[in-house]
Amino acid sequence: MGKTLLFLVFSLLFVVSSQAQIRYNQVGCYPTQEKVIVVEGVNPEGRVRVTTPKGKVLTPSVMREAVSPWSGKTRYIVDLGQLSATGNYHVSVDGQECDLRVSKHPYQDIAKASLRLFYLIRSGIAIEQGGTYNRPVGHPDTHVLVHPSAATDKRPAGTVISSPYGWYDAGDYNKYVVNSAFSIGLMFAAYEQQRGYFNKLNTDIPESGNHTPDLLDEMMFNLKWLLTMQDPDDGGVYHKLTTPNFEGFVMPADCHQTRYVVAKSVTATLDFAGVMADAARLFTPYQKDYPDFVAQATKAAERAYQWAKEHPTAFYRQEQLKDPTVNTGTYADGNARDEFFWASSALYRLTRKATYLEDARQYQSQRFSTPSWGNVSALGTFEWMADDELRATDDGLLMQAQMLAYCENAVKEVETSCFQSPFGNNPRNFGWGCLAENCCCQAFVLLYADLLTGTTKYRRYALQNADYLLGRNATGYCYVTGFGDRSPQHPHHRISEADAVDAPFPGMLVGGPNPGQQDKRDMKNAVYPSNHPDESYIDNMESYASNEIAINWNASLVAFLCWLDALHSQL
Ligand code: 9MR
């Protein structure tokens with residue numbers, strides 16, 4: 001009897017441990033998109049069943065195997081075939097089941113949610129169009145103190161300034177110029193190349209009824225705040241607006257710590273110059289809704305650039321801040337060449353002054369790298385690519401070639417990769433914010449390359465990164481909240497945690513697997529389930545290094561998914 005029981009227990013354990021796990025894009029696919037799933041655990045050859053929307057049963061074969069260089073797990077890559085009729089395809093392997101959804105606009109809702117998220121994280125106003133996520137006003141920021149590190153004769157320490165609006169940066173409630181300007185810059189880059197789409201995209205925000213596209217309206221909410229971060233006396237820009245320490249997990253209306261503007265920095269000032277120059281240019285047709293803005297932004301951008309030229313080594317050094325000391329996010333970086341390149345390129349496009357072009361040439365990079373808050377040179381490259389005159393110059397052609405070289409290199413390992421995607425094949429792909437900086441931004445650049453070359457060559461690879469992001473990956477998470485069958489429920493996001501709604505805000509991209517695990521020591525109730533680069537993720541609100549959300553990350557989601565949706569859209 002005992003032996004039989006033991007046998008049963010062992011058999012059960014064997015079944016459980018050898019169970020197949022299906023990794024698939026949980027949001028959906030285009031009819032023309034590759035339909036690949038990845039099975040982990042056991043070789044499913046001969047046992048994958050796909051029931052089509054019309055009830056026909058298919059038995060696709062394993063296309064190839066790939067072994068994870070980190071965990072040693074074997075992955076079985078199964079191509080389900082064309083599946084070009086729309087509808088749900090029911091997939092089953094050894095009792096595991098899922099639905100693969102094929103539709104004409106699979107990313108329409110998620111793309112829209114990724115942009116609408118910015119409305120939900122607006123600061124300084126009551127949220128009244130957020131449905132269950134409505135909330136009263138918090139952080140009015142009409143009484144912000146000048147920190148000693150930012151003091152001048154005209155604005156001594158303790159001077160009260162008003163610096164309202166803007167988006168909360170991330171899981172925390174501070175407002176950082178570097179990241180704000182970068183985020184808008186990235187979304188502007190997408191907007192510029194897909195204007196027809198964005199002109200029609202309605203995100204149900206208070207400004208939706210005006211004459212300006214909703215994307216630009218949303219950017220304006222943050223630009224208005226950014227303008228207040230420039231010292232009117234010298235044109236320099238404060239690095240951030242922050243409390244000395246991070247707030248607790250409470251709602252905005254319950255936050256009462258004093259907020260400061262801190263030291264001006266060359267990187268913040270240049271990012272500000274770049275984004276204001278772009279804004280002045282892009283808002284020119286919409287002055288009916290925003291009178292005075294174009295002139296104001298133009299002047300602000302030029303003055304900021306001038307300040308940066310005069311203070312090229314004014315890097316942000318948080319450790320030097322005293323009375324009070326400041327312990328919030330730094331967005332510090334000690335190289336401003338990329339910021340000079342972006343700002344001068346943007347200013348040239350706005351003003352056509354030769355001096356900006358000379359600077360842009362001097363600061364252009366030798367290699368293309370995907371855009372990130374710490375390296376904005378790609379935003380400069382996008383300025384050149386979106387401008388007919390600049391693109392046709394020798395430098396413009398060189399930049400285009402560098403971008404294409406990046407793309408060629410990015411897709412090299414797809415056919416041997418574990419998840420049939422360009423992203424995720426190198427340990428360096430993973431880290432803080434990797435799903436945005438490395439996965440979405442890579443896909444965005446691949447789509448951009450298609451536009452430049454007039455082909456559709458790279459679209460397939462960009463879609464593979466969508467597959468990865470939305471579930472065909474090592475953890476099986478669809479990494480965008482509110483979408484897919486298994487998405488993060490507990491992001492490190494103060495409002496989502498403190499409000500009365502169980503579900504987090506929809507449309508947020510989490511940072512993703514991060515073997516650096518910089519938050520490990522601060523986590524009291526959670527432990528990373530794995531140290532492997534692609535599995536070092538935990539859906540726990542304590543994990544700010546793998547499960548936070550941030551505006552720059554959502555900006556990359558907007559840039560990527562809206563572009564994708566635009567390519568197939570008939571809004
Ligand atoms: O995105 C930032 C990442 O690149 C850095 O490695 C990390 C540590 O400095 O900071 C990240 O940005 C955080 C910022 O400093 C404060 N708000 C939350 C941001 C996302 O975690």
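Is helix H14 mostly covered or mostly exposed, and how many of its eleven residues are buried? In this predicted model, H14 is mostly covered, with nine of its eleven residues buried. This report begins with that helix and then turns to the core and the sheets.

**Helix H14 and its partners**

The buried residues of H14 are Tyr461, Ala462, Leu463, Gln464, Asn465, Ala466, Asp467, Tyr468 and Leu469. They pack against two helices, H13 and H16, the latter spanning 551-567. After H14 comes Gly471, which has a positive phi near 140 degrees.

The axes of H13 and H14 (residues 459-469) come within 8 Å of each other and cross at roughly 155 degrees. An angle over 145 degrees counts as roughly antiparallel, and H13 and H14 are therefore roughly antiparallel to each other. Their crossing is left-handed. On the H13 side, the contact is made by residues including Leu435, Asn438, Gln442, Leu446 and Asp450. On the H14 side, Arg459, Tyr461, Ala462, Asn465, Tyr468 and Leu469 take part.

Asp467 lies in helix H14, and Gln442 lies in helix H13. Buried means under 20% relative accessible area. Asp467 counts as buried because its relative accessibility is 2%, and Gln442 counts as buried because its value is 8%.

| Residue | Relative accessibility | Contacts |
|---|---|---|
| Asp467 | 2% | Asn25, Gln33 and Arg472 |
| Gln442 | 8% | Thr370, Tyr406, Ala410, Pro422, Phe423 and Asn465 |

In soluble globular proteins, nonpolar side chains tend to be buried together. The largest nonpolar core here has 163 residues, and Leu223, Phe283 and Phe382 touch the most other members. Helix H13 (residues 434-453) gives the most to this core, with 14 residues.

Which residues does Leu223 touch, not counting those up to four places away in sequence? They are Ile184, Phe188, Val275, Met276, Ala279, Phe283 and Phe293. A second, separate core of 19 residues includes Val62, Leu80, Tyr89 and Cys98.

**Strands and sheets**

Strands of a sheet pair through backbone hydrogen bonds, either parallel or antiparallel. Strand E7 (residues 87-93) and strand E8 (residues 96-102) pair in the antiparallel sense over seven bridges. Tyr89, a member of the second core, stands opposite Leu100 in E8. E7 and E8 form a hairpin with two residues between the strands, and in this hairpin Asp94 takes a positive phi near 50 degrees.

Elsewhere, five strands form an open sheet with mixed pairing, in the order E10-E9-E13-E12-E11. Why is one side of E10 and of E11 left without a neighbour in the sheet? Strand E10 (160-161) and strand E11 (175-176) stand at the edges, and each has a single partner strand, so one side of each lacks a neighbour in the sheet. E11 pairs with strand E12 (residues 240-242) in the antiparallel sense over two bridges. Within this part of the sheet, Tyr176 stands opposite Lys240 in E12.

Methods
Residues are numbered from 1 along each chain as its sequence is written. This is a predicted model: local features need pLDDT of at least 70, side-chain atom pairs count only at pLDDT 80 or more; totals for chains, interfaces and linings use all residues. Side-chain values use heavy atoms; hydrogens and water are left out. A nonpolar core is a set of buried Ala, Val, Leu, Ile, Met, Phe, Trp, Tyr and Cys residues joined through side-chain atoms within 4.5 Å. Buried means under 20% relative accessible area, exposed over 50%, partly exposed in between (1.4 Å probe, protein chains only). Helices (H or I, at least four residues) and strands (E, at least two) are DSSP runs, numbered from the N terminus. Contact means heavy atoms within 4.5 Å. Two strands pair if DSSP finds at least two bridges between them. Axes are lines fitted to C-alpha atoms, for helices over the stretch in contact, and angles run from 0 to 180 degrees between N-to-C directions. Angles under 35 degrees count as roughly parallel, over 145 as roughly antiparallel, 65 to 115 as roughly perpendicular and the rest as oblique. A crossing is left-handed if the near helix is turned anticlockwise from the far one by less than a right angle, and right-handed if clockwise.
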